Amino acid sequence: MLKTSLRAAPGAASAGPRRGAALQPPAPRRAAVVAPAYGDYDALPARPSGERGGYRGGGGGGGGYRGRGGGGRGGGYRQQQQEGGYGSYGSPAGYEQRRCGRARWAPAPHRCAAARIDRPSPPPRPTPPARPHRSGPVSYDEDGGGFDGGSRPSGGFRGGRGGGFRGGRGGGRGDGGGRGERRPFNAEMAAVNESINTAGSWRELQTILEQQSRAGLPGLDPFQLVALLLQLVNMKTEGKTPTEGDDAADFQQFVASVYGWMMERMPRFRPRQVSSGLYAISRLDLYNAELVDALVAASLPLLGEFGAMEYVRLLDGLERLRVPPSPEWAAEFFRRSADRIVKTANRDELPAIFSFCQRLGLAPTPEWLAATTDAAMRQLASRERNMRAAEFRRLLVGLAGLGWRPSPEQLQLIVDRSYPQLQTGFCQVHDLVEMAWALAQWETPMPPNWAKMFASAMMRQRRYFRPANLGALLYSLAYLRAGPEPRQLEALLQDLRIQFDDASGDDLANVAMALVQFQYRPDDRYLDDLLITIKRKMPTCTATGLNNLIAALPAMGSGVRIGEVAAEAVSRYDALIAGQATGGAAAVEAADAAQVEAAEAAAAAEAVA
């Protein structure tokens with residue numbers, strides 16, 4: 001561990017050298033294991049943040065969750081709902097390829113009059129403006145209770161649901177995953193906890209660290225160090241941390257000192273501190289490889305003691321830091337976590353765990369997948385839980401993203417529980433797009449009543465559809481044999497016509513394939529406009545989009561214009577195939593990216609002109 005000096009806040013007494021760890025540049029962004037069409041957030045409108053957790057529950061310490069769990073002061077944290085339910089899902093076919101490091105590639109097209117539709121790729125989602133989030137992981141539990149409130153006398157800092165530093169809800173073994181006896185009340189520690197919780201600037205937190213690091217004092221314990229980091233995360237999202245100048249250097253030195261103390265206290269870290277520490281580091285953008293490796297190593301013997309929320313935070317931190325778990329870590333995780341997840345998972349935690357496993361390229365064991373999916377289906381079947389549209393959508397996408405295939409009875413349950421979601425009118429565009437994509441992964445046509453109800457839900461959200469949403473949704477519905485009625489489809493196509501300039505080549509290819517599958521032929525004028533736009537947008541097409549165009553265009557009719565566009569699609573596709581033969585999948589991806597960049601540059605030049 002490196003020694004660094006900690007610059008005191010203005011006016012504070014100098015305390016001499018402090019422990020610290022050298023900060024390093026952010027970890028290089030490794031190749032993402034997710035399908036590029038997905039982002040991390042949903043399209044608008046944004047969902048509201050959850051309420052503060054803080055009822056006073058009965059029993060021992062621990063942040064109350066709507067009156068449940070331990071007593072004490074459980075200051076909840078506000079959590080924003082993350083778009084798409086932890087986004088970046090891929091199809092089961094692409095999942096295995098991403099796990100093995102291979103790029104997804106479309107098969108050679110069947111060049112015949114009848115269009116062949118492949119399983120839909122994940123629908124694209126735009127990245128909205130950054131939204132503030134509190135110290136807890138986004139949307140895991142909107143009603144989060146106190147963070148680490150169990151054995152600590154002052155109750156919780158902002159954070160997860162109940163649970164204690166050494167004992168979960170109310171001490172002892174509990175949801176927090178910790179072990180050990182409840183500790184007696186300590187007024188001095190309570191005062192330090194309260195000062196960290198109420199600090200209004202990072203300089204105040206720096207002063208607290210200096211004061212507690214002086215000779216004769218024990219220093220901050222693991223709970224307080226992690227709580228301090230989470231407060232820094234809050235301040236960073238609120239724009240209260242410096243980004244340039246001398247203050248930025250002081251801030252980085254301060255964070256390095258906190259990291260150094262965490263390394264010093266690492267043997268005392270419990271599951272909640274390990275998971276929350278990784279979570280906080282991943283959001284501060286101040287990466288320290290030594291500390292991250294130490295936290296991952298510390299988590300290995302504790303993997304059977306985490307609660308579901310701690311597993312979510314742990315996987316979230318690993319995914320954001322782009323730290324792939326080792327095979328030993330993955331095997332231990334799947335061997336020891338299933339029982340804890342089933343016992344402690346609530347609300348959005350199961351879908352989050354499914355999603356992060358997929359995004360990290362972790363292949364679940366059959367035993368783990370069976371146990372967790374059975375728990376998910378029990379949640380779905382429970383009539384006591386009023387499952388919201390966002391929860392339902394996240395659960396479906398999480399299950400589909402892992403490659404799980406339901407039995408006929410389970411699929412019937414999923415379809416039955418989708419009816420209330422579609423009837424309520426609360427399904428937003430991203431809910432509809434991802435719900436249809438998840439159902440399409442299971443390759444089972446939907447009944448006519450479901451198709452009619454889904455089309456009605458689409459029409460209620462008609463004004464919010466973007467070309468990417470509409471193309472992906474129509475493609476999935478074509479795969480489900482659940483297309484809208486002709487009059488509804490005509491209205492949606494007219495809306496698309498207004499937004500032709502915003503559509504990509506892949507979006508239009510998805511629409512063309514869906515029209516063929518629905519056996520719907522627009523009028524000649526609309527078809528001409530569509531073909532002209534496809535020809536103009538073709539440089540932005542990926543191999544999958546070109547494959548769809550080659551299959552769909554001959555089935556849309558005959559004519560000079562259709563022949564010209566189809567011939568160009570074949571030429572571009574053959575060029576990509578040749579690139580794959582000579583340079584491999586990486587060369588194909590580079591060619592795709594170059595085509596997209598060239599098309600964007602041409603569009604920008606045209607706009608300037």
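**Exercise 1. Is glutamate 434 buried or exposed, and which residue meets its side chain in a salt bridge?**

Step 1. Glutamate 434 has a relative accessible area of 1%, so this residue is buried. Buried means under 20% relative accessible area, exposed over 50%, partly exposed in between, with a 1.4 Å probe and protein chains only.

Step 2. Arginine 393 has 0% relative accessibility and counts as buried.

Step 3. The two side chains meet in a salt bridge, 3.7 Å from N to O. The term requires a side-chain nitrogen of Lys or Arg within 4 Å of a carboxyl oxygen of Asp or Glu.

Step 4. Arginine 393 sits in helix H13 (residues 389-401) and glutamate 434 in helix H15 (residues 429-440), so the pair links distant parts of the chain, 41 residues apart. Helices (H or I, at least four residues) and strands (E, at least two) are DSSP runs, numbered from the N terminus.

The model is predicted: local features need pLDDT of at least 70, side-chain atom pairs count only at pLDDT 80 or more, and totals for chains, interfaces and linings use all residues. Residues are numbered from 1 along each chain as its sequence is written, and side-chain values use heavy atoms, with hydrogens and water left out.

**Exercise 2. Find the salt-bridge partners of glutamate 310 and glutamate 319.**

Step 1. Start with the total. A search of the whole structure finds 26 salt bridges.

Step 2. Glutamate 310 pairs with arginine 272, with the closest N and O atoms 2.9 Å apart. Glutamate 310 belongs to helix H8 (residues 308-321) and arginine 272 to helix H6 (residues 271-284), so the pair ties together parts 38 residues apart in sequence. Both glutamate 310 and arginine 272 are buried.

Step 3. Glutamate 319 pairs with arginine 359, with the closest N and O atoms 3.4 Å apart. This pair links distant parts of the chain: arginine 359 is in helix H11 (residues 349-359), glutamate 319 in helix H8, 40 residues apart. Arginine 359 and glutamate 319 are both buried.

**Exercise 3. Describe how H6 packs on H8.**

Step 1. Two packed helices are described by the angle between their axes and the distance between the axes.

Step 2. The axes of H6 and H8 cross at roughly 30° and come within 8 Å. Axes are lines fitted to C-alpha atoms, for helices over the stretch in contact; angles run from 0 to 180 degrees between N-to-C directions.

Step 3. H6 and H8 are therefore roughly parallel to each other. Angles under 35 degrees count as roughly parallel, over 145 as roughly antiparallel, 65 to 115 as roughly perpendicular and the rest as oblique.

Step 4. Look at the contact (heavy atoms within 4.5 Å). Residues of H6, including Arg272, meet residues of H8, including Glu310. The contact divides into eight nonpolar, four polar and six charged residues. Here Ala, Val, Leu, Ile, Met, Phe, Trp, Tyr, Cys and Pro count as nonpolar, Asp, Glu, Lys and Arg as charged, and the others, Gly among them, as polar.

**Exercise 4. Which residues of H16 meet which residues of H17?**

Step 1. Helix H16 (residues 448-460) and helix H17 (residues 467-480) pack at about 170°, with axes 12 Å apart. H16 and H17 are therefore roughly antiparallel.

Step 2. Trp450, Phe454 and Met458 in H16 meet Leu473, Leu474, Leu477 and Leu480 in H17.

Step 3. By class, this contact has seven nonpolar, no polar and no charged residues.
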